[in-house]
Amino acid sequence: MRQSSTETALDELSIDGTRYATETHLAPGAWLEAVGKGNGESLRDSLSQEDAAAEYMMMGMRLSEGLDLVRFTQLSGVNLSESRLSDLVQMGMITISEQRLRATDQGRALLNAVLRELLMD
């Protein structure tokens, strides 16, 4: 997983079906100079299927509507562990309804631990 420095911001974009991780300069002057040379990005890397799925999971679980399990499976190529999902539901960390996975209030407070459980191989 990529990490941003204190001088850049991370983002993601999709071009012709390929997902890319991008970094842009935070300082307006540095960004403007980079735009003058072609674009404001300081880095662009294509995301692996695994990284794209993990980013979808991490972003989706922070939203009140959660994430679409079908889309996650399409991105990752694998189903989430039924036993892990069941354990997290029983602990009150997540809910699953109409193919949507959501963090509960309790799960949101411990979201990094919930994500670790969901994304473990």
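The model is predicted, and the chain holds six helices and six strands, which follow one another along the sequence in the pattern β-β-α-β-α-β-α-α-β-β-α-α. Of its 121 residues, 28% count as buried, and among the contacts with a separation of 6 or more, 43% are accounted for by residues 24 or more positions apart.

**The sheet of β4, β5 and β6**

- Three strands make up an open sheet, in which the order is β4-β6-β5 and the pairing is antiparallel; the edge positions belong to β4 (67-68) and β5 (94-97), each of which pairs on one side only.
- Four bridges join β5 to strand β6 (residues 100-103), and the two strands pair in the antiparallel sense.
- Along this pairing, Ile 94 has Ala 103 in β6 as its bridge partner, while Ser 97 stands opposite Arg 100, which also belongs to β6.
- Helix α4 (residues 82-90) packs on the sheet and touches both β5 and β6, with a direction that makes about 115° with that of β5.
- The hairpin of β5 and β6 has two residues between the strands, and within this hairpin Glu 98 takes a positive phi near 50°.

**Packing of α2 with α6**

- Helix α2 (residues 49-60) and helix α6 (residues 111-119) have axes that come within 11 Å of each other and cross at roughly 145°; the crossing is right-handed.
- On the α2 side the contact is made by Ala 54, Met 57 and Met 58, which meet Leu 115, Leu 118 and Leu 119 of α6; the residues of this contact divide into six nonpolar, no polar and no charged.

- Ala 53 lies in helix α2 and is classed as buried because its relative accessible area is 2%, where the class requires a value under 20%.
- When residues up to four places away in sequence are not counted, Ala 53 touches Phe 72, Leu 75 and Ser 76.
- The C-alpha atoms of Ala 53 and Arg 71 are separated by 8.8 Å, although these two residues stand 18 residues apart along the chain.
- Ser 76, which lies in helix α3 (residues 69-76), is also buried, since its relative accessible area of 17% is under the 20% limit.
- With residues up to four places away in sequence again left out, the contacts of Ser 76 are with Gln 49 and Ala 53; Gln 49 and Ala 53 both fall within the range of α2, residues 49-60.

**Salt bridges**

- A search of the whole structure finds two salt bridges, and one of them joins the side chains of Glu 33 and Lys 37, with a distance of 3.3 Å from N to O.
- Lys 37 has a relative accessibility of 68% and therefore counts as exposed, the class for values over 50%.
- Another salt bridge is formed by Asp 105 and Arg 108, whose closest N and O atoms are 3.4 Å apart; both residues lie in helix α5 (residues 105-109), three residues apart, which is about one turn of the helix.

**Ser 64 in the loop between α2 and β4**

- Ser 64 is found in the loop between α2 and β4, and it counts as exposed because its relative accessibility of 56% is over 50%.
- Ser 64 and Asp 105 themselves are 41 residues apart in sequence, and their C-alpha atoms are 9.6 Å apart in space.

How values were computed:
Residues numbered from 1 in each chain as written. Predicted model: local features only at pLDDT ≥ 70, side-chain atom pairs only at ≥ 80, totals over all residues. Heavy atoms only, no water. Axes fitted to C-alpha atoms, helices over the stretch in contact; angles between N-to-C directions. Left-handed = near helix turned anticlockwise from the far one by under 90°. Contact = heavy atoms within 4.5 Å. Nonpolar A, V, L, I, M, F, W, Y, C, P; charged D, E, K, R; others polar. Salt bridge = Lys/Arg side-chain N within 4 Å of Asp/Glu carboxyl O. Buried < 20%, exposed > 50% of the residue type's maximum accessible area, 1.4 Å probe, protein only. Pairing = 2+ DSSP bridges.
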